[in-house]
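Please look through the sequence and the structure shown here before reading on.

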Amino acid sequence: MKTLTAYVLRLGDNGLVLSQRLGAWCGHAPELEIDLALANIGLDLLGQARNFLTYAAELEGDGDEDSLAFGRDERQFSNLLLVEQPNGNFADTIARQYFIDAWHVALYSRLVQSRDAQLAAIAAKSLKEVRYHLRFSRGWLERLGNGTALSAERMQQAINELWRFTGELFEADDVDLALSEEGIAVDPRTLRDAWEAEIMTGLKDAALTVPEEAAYRSGGRQGLHTEHLGPMLAEMQYLQRVYPGQQW
């Protein structure tokens, strides 16, 4: 697989997996407005995933967005571990979303300058969307953190539980380093300062505390996932696996 294809697949898989998680909230969110907001954010992420996966298929000269989404096995997915974590309660979903939204804004703000015209164009369109996503997740972070004792407790628990998956956001491997040297990709290590500035301010405004250093989990981009991705993919890919190539 080409280095650029691997990089594009990572970005596409992040959006695809997280969009599936958010889609599961449809009809189950605490309020109708939240239900619609989470569904719309999920659709934004799905649209971003389609753009990245379509580009990856073009780079390889094989398959399309559907074959990449529904025809790959768990070990072939290269998404971050953070996005595959279960929805849990509403606070868990908000913590997961806030962490990834802050990272997306930092990433796409840099990726718009990519020497790869297609990547730059996808990033420019996505940046407008993820800035809204961040306003939404941070807004609810502050509401829950500054709300009742119960809501603050659950929000802090969610932050603490998911913190161990944030270290992976800034890990750089050969793919990142090679493409960033060419001005195509973004070295994830350079995103840490912007991400931490947003997170530290957001947690402070929400009267929440920064978790202590944890034993960070990683490996998602190398296909080493948690126990949560397999069952989600089994559900997502069921129809295409049972009736391959069918159209409705």
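Leaving aside neighbours within four places in sequence, Asp-187 is in contact (heavy atoms within 4.5 Å) with Ala-172, Leu-177 and Ser-180. This is a predicted model, in which local features need pLDDT of at least 70 and side-chain atom pairs count only at pLDDT 80 or more, while totals for chains, interfaces and linings use all residues. Residues are numbered from 1 along each chain as its sequence is written, and side-chain values use heavy atoms, with hydrogens and water left out.

- Asp-187 is found in the loop between helix 7 (174-181) and helix 8, where helices are DSSP runs of H or I with at least four residues, numbered from the N terminus.
- With a relative accessibility of 12%, Asp-187 counts as buried, a term that means under 20% relative accessible area, whereas exposed means over 50% and partly exposed lies in between (1.4 Å probe, protein chains only).
- The side chain of Asp-187 also makes a polar contact with the side chain of Arg-189, at 2.7 Å; such a contact is a pair of N or O atoms within 3.5 Å, and within protein one must be able to donate a hydrogen and the other to accept it, while residues adjacent in sequence count only if both atoms are side-chain atoms.

**The loop between helix 8 and helix 9**

- Ala-207 lies in the loop between helix 8 (192-205) and helix 9 (229-236), and it has a positive phi of about 60 degrees although it is not a glycine.
- Ala-207 is exposed, with a relative accessible area of 55%.
- Ala-215 has its place in the loop between helix 8 and helix 9 as well, and at 67% relative accessibility it counts as exposed.
- Although Ala-215 and Trp-163 are 52 residues apart in sequence, they are 9.3 Å apart in space, C-alpha to C-alpha.

**Helix 4**

- Helix 4 has 22 residues and reaches 30 Å from its first C-alpha to its last, close to the 32 Å expected at 1.5 Å a residue, where the expected span is 1.5 Å times one less than the number of residues.
- Because 19 of the 22 residues of helix 4 are buried, this helix is largely enclosed by the rest of the structure.
- At the start of helix 4, a side-chain oxygen of Asn-89 reaches to within 2.9 Å of the backbone nitrogen of Ala-91.

Conventions. Helices (H or I, at least four residues) and strands (E, at least two) are DSSP runs, numbered from the N terminus.
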